[in-house]
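Take a moment to look at the model below. Then follow the text through it, step by step.

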Amino acid sequence: MARYALTYKEVVQILKQRLVKVDGKVRTDTTYPAGFMDVIQLEKTDEHFRLIYDTKGRFVVHRISRDEAPYKLCKVKRLEHGKGGVPYIVTHDARTIRYPDPEIKVSVGGGRRGGDCVLACMCVLRAYELVLR
């Protein structure tokens, strides 16, 4: 993904043309904080990437297929019941999803480099439909 813009001015021009999507939404801010498991899409070149950590805890841009791009992997932080007994989950990126699949459990395990961290659900970026994997 690097080699598309070599200077800050080129980065600004690419973003202002609305060619970059992060998690399915167009982003034009150069300081937008893309984070762990975010999907970055470049519409003009039809390329899709996911931000993940390498073995040393640094961000790495991983190329993914078009079929995998609409999905965002989410770590479930909390599973609770709200007003009226409505179940909901809260994911690592602060998404709140009501009426989750009953088989989805809270992820347990390590932090950034924890190998036992389980990603329990996949959120479709267009809607909050869950797919259990």
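Is R66 buried or exposed? R66 counts as exposed, at 55% relative accessibility. Buried means under 20% relative accessible area, exposed over 50%, and partly exposed in between (1.4 Å probe, protein chains only).

This is a predicted model, where local features need pLDDT of at least 70, side-chain atom pairs count only at pLDDT 80 or more, and totals for chains, interfaces and linings use all residues. Residues are numbered from 1 along each chain as its sequence is written, and side-chain values use heavy atoms, without hydrogens and water.

The chain has a mean pLDDT of 80. That score is the predictor's confidence in each residue, from 0 to 100.

Now back to R66. R66 forms a salt bridge with D46, with the closest N and O atoms 2.2 Å apart. A salt bridge is a side-chain nitrogen of Lys or Arg within 4 Å of a carboxyl oxygen of Asp or Glu. D46 is in the loop between β3 and β4, and R66 in the loop between β5 and β6. Strands (E, at least two residues) are DSSP runs, numbered from the N terminus. D46 counts as partly exposed, at 39%.

Next, look at D93 and K72. Their salt bridge has its closest N and O atoms 3.0 Å apart. D93 lies in the loop between β8 (87-91) and β9 (96-98) and K72 in strand β6, so the pair ties together parts 21 residues apart in sequence. K72 is buried, at 1% relative accessible area, whereas D93 is partly exposed, at 26%. Salt bridges with shared partners join D23, D38, K72, D93 and R95 into one network.

Technical notes. Helices (H or I, at least four residues) and strands (E, at least two) are DSSP runs, numbered from the N terminus.
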